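Hello,

Here is the structure I promised to pass on. My notes follow below it.

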Amino acid sequence: MNMLSEAAVEKALDKKMNEVAYKMIGKDVSVYYGEKRALFDVNLNVRENTVTALIGPSGCGKSTFLRTLNRMNDTIEGCRVTGKITLDTDDIYDKEIDVVELRARVGMVFQKPNPFPKSIYENIAYGPRIHGLARNKADMDAIVEASLQRAGLWAEVKDRLHEGGTGLSGGQQQRLCIARAVAVSPEVILMDEPCSALDPIATAKVEELIHELRANYTIVIVTHSMQQAARVSQRTAMFHLGQLVEENDTDKMFTNPDDQRTQDYIMGRFG
Amino acid sequence: MVSSHILSAYDEELKYLRRRISEMGGLAEQMCGDAVRALVNGDSALAQKVISDDVILDHAEREIQDKAIVTIARRQPVAIDLREIIGTLRIAGDLERVGDLGKNTAKRVIAVQGHGVPRKLARGLEHLSDLAAVQLKEVLDVYASRSAEKAEAIRLRDEEIDAMYTSLFRELLTYMMEDPRNITTCTHLLFCAKNIERIGDHATNIAETIYYMTTGAVPEGERPKDDTANTVGAIAD
């Protein structure tokens, strides 16, 4: 009897291991910019503690989709989103949702590093302060250090925390922006071509960082570099003309994709 | 089936690899035929030609390897392109081995020359060699057409060569038992037969590689085998 129950426990554990945990679920997501429809009924689920790369040619809707995940599209005049997106169980387009709090849970890193014109310390401290995450100076110091550590920047800036953030190199600035995103303890980090303004060494450092962050965060990255998608992600989603063409394991996507359009795009062939 | 690359130089590199594989295939095929012809006719000049052709084949394999590595480094190929290049490397390796086996057969021409090859055995060897030549020729045609179904069909046909090899093996044993003076010649011929049988295996490898290049999957199921030569002479049940 004991044997049986042990086997049952093992089976249950096994099932749990193989179960896919989704952090965000997008169902029939469409986006309109005024009259123009930019996304067509996209169904894409974002797995927890996974790096999901969104790829596709310019204007395919990948950045538009990324921006729906923390309602960045709200800031665009005439933009309308239909369908349903949930973060855990919360419908993020629900009227009750506090958008500021949503963006703390779903942080974002942009294409061009955009540190505030303030000190390195203040760049990190700004978010935790407005969200009331630190009770005192010691708390804040700890958050700043931990965030810079996580972003792999601490060793490089610890002696000049009070110097301007804009004085850092491009790669350091981008890692500062990642540290800033991490400082408010988000659950999901969205990255919109985070390396397109960086040289290969700085790119490698950011990619290494993405790899490490995956243990604690769910990451969605938009990239124009197919090789970057192949290097950093576990899942890849291919967009084309506002539609989700294929979503698959990255390994499969780059060796034997199912869809002809994916094939042509990643191989650099005429579609 | 697939459209061109945006970068035309990339297409040129892939075309170059395809062309070189076809050339290697043509030469390997010719060497195999020549080697067996030299053997049954005792033609040492032809044997010598096979031996020197092998140098060209080895050289071609190295060139293909170098070009493939440079292409991987420069283009970072993915999907079909990646499978194509990896497949090219494998096929070049198989063809190089086919050349070695042809050369090995050619080298034995001198050893068997004094005694000559009995007519019946010669016909057996020629027949075996014809089967292998057909496999090789067809697999190279499939390489050009990239038909997964045809690759699969070739793979399933290796059985015939195996069966023929087993029957030659028995025949050679009989000759050796009849007269020990046949042993030297027959042992060499046995190696030649084994070489030809191995050429058939390489053709099958190539068929499997083409299947993989085209579909991204390995063909299902075991290769059919009818190679029972390893049990010939075992005590009957």
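Helix α11 of chain A, residues 260-267, is mostly covered: six of its eight residues are buried. Those residues are T262(A), Q263(A), D264(A), Y265(A), I266(A) and M267(A). Please keep in mind that this is a predicted model.

What do the buried residues of α11(A) pack against? On the chain A side, they meet α9 (226-232), β9, β10 and α10 (250-255). From chain B, α3 (79-113) joins in. Just after α11(A) comes G268(A), with a positive phi of about 70 degrees.

Two of those neighbours, β9 and β10, pair with each other. Strand β9(A) covers residues 235-240 and strand β10(A) covers residues 243-249. The two run antiparallel and are joined by six bridges. Within this pairing, A237(A) sits opposite E247(A) of β10(A). The strands form a hairpin with two residues between them. In that hairpin, L241(A) takes a positive phi near 50 degrees.

**The four-stranded sheet of chain A**

Chain A also has an open sheet of four strands. The order is β2-β1-β4-β5, and the pairing is antiparallel. Which strands lie at the edges? They are β2 (36-47) and β5 (90-91) of chain A, each of which pairs on one side only.

Strand β1(A), residues 22-33, pairs with β2(A) over eight bridges, in the antiparallel sense. Here Y22(A) faces R47(A) of β2(A). M24(A) has V46(A) of β2(A) as its bridge partner. β1(A) and β2(A) make a hairpin, again with two residues between the strands. G34(A), in the turn, has a positive phi of about 65 degrees.

β1(A) also pairs with strand β4(A), residues 79-87. Eight bridges join these two, and they run antiparallel. V31(A) has V81(A) of β4(A) as its bridge partner.

**Chain A as a whole**

The secondary structure of chain A amounts to eleven helices and ten strands. Its radius of gyration is 20 Å, close to the 18 Å that the globule rule gives for 271 residues, so chain A is as compact as a globular protein of that length. Along the principal axes, the C-alpha atoms fill a box of roughly 60 × 50 × 40 Å. Of the 271 residues in chain A, 42% are buried. Take the contacts in chain A with a separation of 6 or more: 67% of them are between residues 24 or more positions apart.

**Where the chains meet**

**Helix pairs in chain B**

Now for chain B itself. Its helix α3(B) packs with α7(B) at an angle of about 170 degrees, with their axes 9 Å apart. The two are therefore roughly antiparallel to each other. Their contact has 13 nonpolar residues, nine polar and seven charged.

H188(B) belongs to helix α7(B), which covers residues 183-215. Is H188(B) buried or exposed? It has 21 C-beta neighbours inside 10 Å, so H188(B) counts as buried. Leaving aside residues up to four places away in sequence, H188(B) touches R108(B), A111(B) and V112(B). H188(B) is 54 Å from I6(B), C-alpha to C-alpha, and the two are 182 residues apart in sequence.

A second pair is formed by helix α1(B), residues 8-41, and helix α4(B), residues 119-145. These pack at an angle of about 175 degrees, with their axes 10 Å apart. That makes α1(B) roughly antiparallel to α4(B). By class, their contact has 14 nonpolar, four polar and three charged residues. From α1(B), the residues involved include I21(B), S22(B), G25(B), A28(B) and E29(B). Among those they meet in α4(B) are A122(B), L125(B), E126(B) and S129(B).

Over to you.

Best wishes

How values were computed
Residues numbered from 1 in each chain as written. Chains lettered and ligands numbered in written order. Predicted model: local features only at pLDDT ≥ 70, side-chain atom pairs only at ≥ 80, totals over all residues. Pairing = 2+ DSSP bridges. Rg over C-alpha atoms; globule rule 2.2 N^0.38 Å. Buried ≥ 20, exposed ≤ 12 C-beta atoms within 10 Å, placed from the backbone. Contact = placed C-beta atoms within 7 Å. Axes fitted to C-alpha atoms, helices over the stretch in contact; angles between N-to-C directions. Parallel < 35°, antiparallel > 145°, perpendicular 65-115°, else oblique. Nonpolar A, V, L, I, M, F, W, Y, C, P; charged D, E, K, R; others polar.
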